[in-house]
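Thanks for coming. I have one structure to go through today, and I will talk about how its parts pack against each other. Please have it open while I speak.

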Number of protein chains: 2
Amino acid sequence: MNTKLQWLRNKMSSLDLQGLILTNPTNIRYLTNIEAEGILLLTRKENIYITDARYIEHVHSTLTLFDEIIVYDLHDVSKEDYENFFLFCENVGFEEYDVSYAKYKEYIRKFKIHNFVETEHMIEKQRMIKDAEEIAQIEKACDITDNCFSYILSYIKPGMTEKQIANEIDEYFKQRTDGIAFETIVASGENTSKPHAVPTERKIQNKDIITIDMGCRVNGYCSDMTRTIFVGEVPEQIKPIYDLVLKNQTQTEEQYKDGASTRLLTKMVENDFKLHGYDLVHSLGHGVGLEIHEAPYISYSSDTQLRENMVVTNEPGIYIPGKFGIRIEDTIQITKFGCISLTKSEKNYIII
Amino acid sequence: MNTKLQWLRNKMSSLDLQGLILTNPTNIRYLTNIEAEGILLLTRKENIYITDARYIEHVHSTLTLFDEIIVYDLHDVSKEDYENFFLFCENVGFEEYDVSYAKYKEYIRKFKIHNFVETEHMIEKQRMIKDAEEIAQIEKACDITDNCFSYILSYIKPGMTEKQIANEIDEYFKQRTDGIAFETIVASGENTSKPHAVPTERKIQNKDIITIDMGCRVNGYCSDMTRTIFVGEVPEQIKPIYDLVLKNQTQTEEQYKDGASTRLLTKMVENDFKLHGYDLVHSLGHGVGLEIHEAPYISYSSDTQLRENMVVTNEPGIYIPGKFGIRIEDTIQITKFGCISLTKSEKNYIII
């Protein structure tokens with residue numbers, strides 16, 4: 001059995017689960033490499049993946065004998081099969097954040113489940129800590145993101161639209177990776193005041209400020225980087241805010257290490273922003289892996305300790321509604337005594 | 001209040017719901033045009049959208065006074081607010097196919113809900129019937145899809161990879177629409193035997209068969225079309241299967257009209273395929289709208305009657321594992337006495 005499934009079997013034992021139904025596609029991808037529509041069952045003795053005819057060929061070509069997963073076509077699974085999968089299982093786990101209320105009721109009926117147990121993100125928690133292979137993929141995605149950024153700096157000219165620049169980034173990633181990890185943000189002028197701006201037909205002008213938030217995907221694993229850059233010059237009224245964001249981004253990076261509290265990290269930035277009259281309107285960071293946003297979430301509302309080989313973003317931002325916004329973001333690997341910034345693009349004033 | 005929300009208020013009355021929590025983003029988009037992360041509450045007197053700081057500006061710029069929706073920042077909603085939203089509401093509806101089991105429990109606690117009622121896809125059912133404005137968007141998306149297909153026929157040359165062709169399609173859509181409606185499929189040779197193939201680095205060769213499944217999105221609304229084409233010539237062993245698929249696609253189109261049973265339509269194709277020794281491995285079609293796959297689902301397992309102004313696909317396919325596959329698909333508007341194929345590309349042998 002592969003090492004991730006073996007870990008899960010041990011976890012099940014420790015939780016007194018005799019069976020498990022997994023439905024979250026990212027968790028299934030993590031455990032099996034399968035990218036399809038289907039569910040993964042861990043019964044007393046077997047690992048079973050149920051999918052439909054559309055994916056059967058693909059699933060077979062993904063799995064190796066080593067995975068020890070039996071693949072079923074949905075249409076070949078009888079009522080009796082469903083009732084037998086978890087026969088004599090006292091406790092069967094499920095993913096309560098993924099299973100809809102309707103499915104929850106359906107599973108209990110269909111599988112004749114005795115005691116259906118919430119598993120409290122146990123796989124997401126395990127996914128927070130990346131192994132060497134996972135980090136290698138993220139590193140690769142971050143390298144390509146840095147290269148793309150340096151290419152795009154030479155590409156941007158006044159008169160181009162935000163959309164045109166975003167398309168060029170997407171195309172760059174498409175040619176070198178599995179593609180974008182999320183919708184690329186290119187926001188200019190007053191559009192930068194929206195943290196989640198969507199690229200528009202607005203044309204880049206002289207003295208503009210531009211926020212670029214981008215990332216790609218390599219073998220499923222994501223990168224995430226934001227830089228705020230300037231056309232021609234850095235406007236005087238923007239400088240102190242840029243400096244404040246950068247100072248906090250740098251200080252946060254100095255604090256990112258095994259054992260650091262995500263709540264304290266957030267509080268530190270929030271306090272400094274408030275001291276200057278600004279708010280931290282979004283979280284300070286998030287985990288990056290098979291999903292662009294995944295645990296741990298670095299914000300005031302959750303308290304997690306950073307751990308060695310977590311990969312997280314560090315992205316303080318200040319937004320003045322209707323005027324402009326500044327965000328600087330890196331993807332960062334936590335180490336025992338500090339961290340490594342996996343995206344390495346320039347963070348001081350970038351003037352094009 | 002906008003007409004869609006007005007419809008929903010009437011529906012609530014008829015179901016004796018005094019409150020409603022909507023979480024499905026597509027349903028919220030349908031009712032309000034909002035594309036963000038948030039939830040829509042219909043309380044006794046008000047329509048409330050709760051989102052977070054990232055989306056506030058965008059949501060305000062989307063809504064008009066006419067919508068009569070009050071927007072809250074998540075962080076400004078207190079424990080008491082939550083408890084007051086549905087005060088004196090006997091029955092509050094929720095979307096049981098969208099709300100996870102964990103959220104279901106959280107909502108009951110947070111909103112102090114007395115009787116939490118499953119709403120059985122009531123909005124998805126309403127979304128099946130398109131109004132004139134929605135059909136106009138889908139028509140536009142289908143037109144551009146036809147134009148893209150005719151462009152791509154002149155673009156494809158032996159030696160190009162599947163990925164290269166898929167990228168060209170994506171770029172074509174990107175320049176003219178909101179982008180692709182789903183991951184474009186370009187499958188060649190034996191790869192066509194996978195209904196959900198992902199474009200590879202395989203190079204197009206002479207005598208190849210190529211399946212192209214593509215669609216774009218215009219103001220949120222999708223198009224969906226598949227054609228199977230040939231390079232140089234139509235191989236003799238493929239002809240009878242192509243003819244069989246095309247015959248069934250044409251006969252189905254003749255049967256698509258107000259009142260037709262989706263189960264009978266499917267059975268008709270399935271029988272004819274079986275008579276020739278083949279299976280219908282996926283459904284015959286699906287609704288197309290704000291989602292690329294939505295109700296109604298045209299398959300043996302569900303029985304719906306087609307209705308005027310539904311927009312659905314018609315896509316029979318035959319797949320010989322490891323060898324090749326044929327699928328021909330149009331996006332179709334159902335009318336009172338027949339239907340209109342909104343995608344209009346050639347369906348007879350296309351040889352490039």
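This is a predicted model: local features need pLDDT of at least 70, side-chain atom pairs count only at pLDDT 80 or more; totals for chains, interfaces and linings use all residues.

I start with a helix pair in chain A: helix 7, residues 132-155, packs against helix 8, residues 162-176, at an angle of about 140°, and their axes are 10 Å apart. That makes helix 7 of chain A oblique to helix 8 of chain A, because the roughly antiparallel class takes angles over 145 degrees. The crossing of helix 7 and helix 8 of chain A is right-handed.

Which residues in helix 7 of chain A meet helix 8 of chain A? On the helix 7 side they are Ile144(A), Cys148(A), Tyr151(A), Ile152(A) and Tyr155(A). Facing them from helix 8 of chain A are Ile165(A), Glu168(A), Ile169(A), Tyr172(A), Phe173(A) and Arg176(A). Sorted by class, the contact of helix 7 with helix 8 of chain A has 9 nonpolar residues, no polar ones and 2 charged ones.

The next pair is also in chain A. Helix 9, residues 239-255, and helix 10, residues 262-275, have axes that come within 10 Å and cross at roughly 160°. That makes helix 9 of chain A roughly antiparallel to helix 10 of chain A, as angles over 145 degrees count as roughly antiparallel. This crossing of helix 9 and helix 10 of chain A is right-handed. Helix 9 of chain A contributes Asn248(A), Thr252(A) and Gln255(A) to the contact, and helix 10 of chain A contributes Leu265(A), Val269(A) and Asp272(A). By class, that gives 2 nonpolar, 3 polar and 1 charged residues for the contact of helix 9 with helix 10 of chain A.

Helix 9 of chain B, residues 239-255, packs on helix 10 of chain B, residues 262-275, at about 160°, with the axes 10 Å apart. Helix 9 and helix 10 of chain B are therefore roughly antiparallel to each other, and their crossing is right-handed. Asn248(B), Thr252(B) and Gln255(B) make the contact from helix 9 of chain B, with Leu265(B), Val269(B) and Asp272(B) from helix 10 of chain B.

Now the domains. The assignment for chain A gives domain 1 as 3-127 and domain 2 as 132-341. The C-alpha centres of these two domains of chain A lie 35 Å apart.

Last, the two chains. In chain B, 21 residues are in contact with 21 residues of chain A. Helix 3 (53-62), helix 5 (101-110) and helix 8 (162-176) of chain B each supply at least two residues of the side that touches chain A. The largest share, 5 residues, comes from helix 3 of chain B. The side of chain B that touches chain A has 10 nonpolar, 5 polar and 6 charged residues.

What rotation superposes chain B on chain A? A rotation of 180° does, with 0.0 Å of shift along its axis and an RMSD of 0.0 Å. That is the relation of a two-fold axis. In chain B, the C-alpha nearest the axis belongs to Ser100(B), 1.9 Å from it. The same surface serves both copies, as 100% of the contact residues of chain B recur in chain A.

Conventions: Residues are numbered from 1 along each chain as its sequence is written. Chains are lettered from A and ligands numbered from 1 in the order in which they are written. Two residues are in contact if their C-beta atoms, placed from the backbone, lie within 7 Å. Helices (H or I, at least four residues) and strands (E, at least two) are DSSP runs, numbered from the N terminus. Ala, Val, Leu, Ile, Met, Phe, Trp, Tyr, Cys and Pro count as nonpolar, Asp, Glu, Lys and Arg as charged, and the others, Gly among them, as polar. Copies are superposed by least squares on the C-alpha atoms of residues with pLDDT of at least 70 in both. Domain bounds come from an automatic or database domain assignment. Axes are lines fitted to C-alpha atoms, for helices over the stretch in contact, and angles run from 0 to 180 degrees between N-to-C directions. Angles under 35 degrees count as roughly parallel, over 145 as roughly antiparallel, 65 to 115 as roughly perpendicular and the rest as oblique. A crossing is left-handed if the near helix is turned anticlockwise from the far one by less than a right angle, and right-handed if clockwise.
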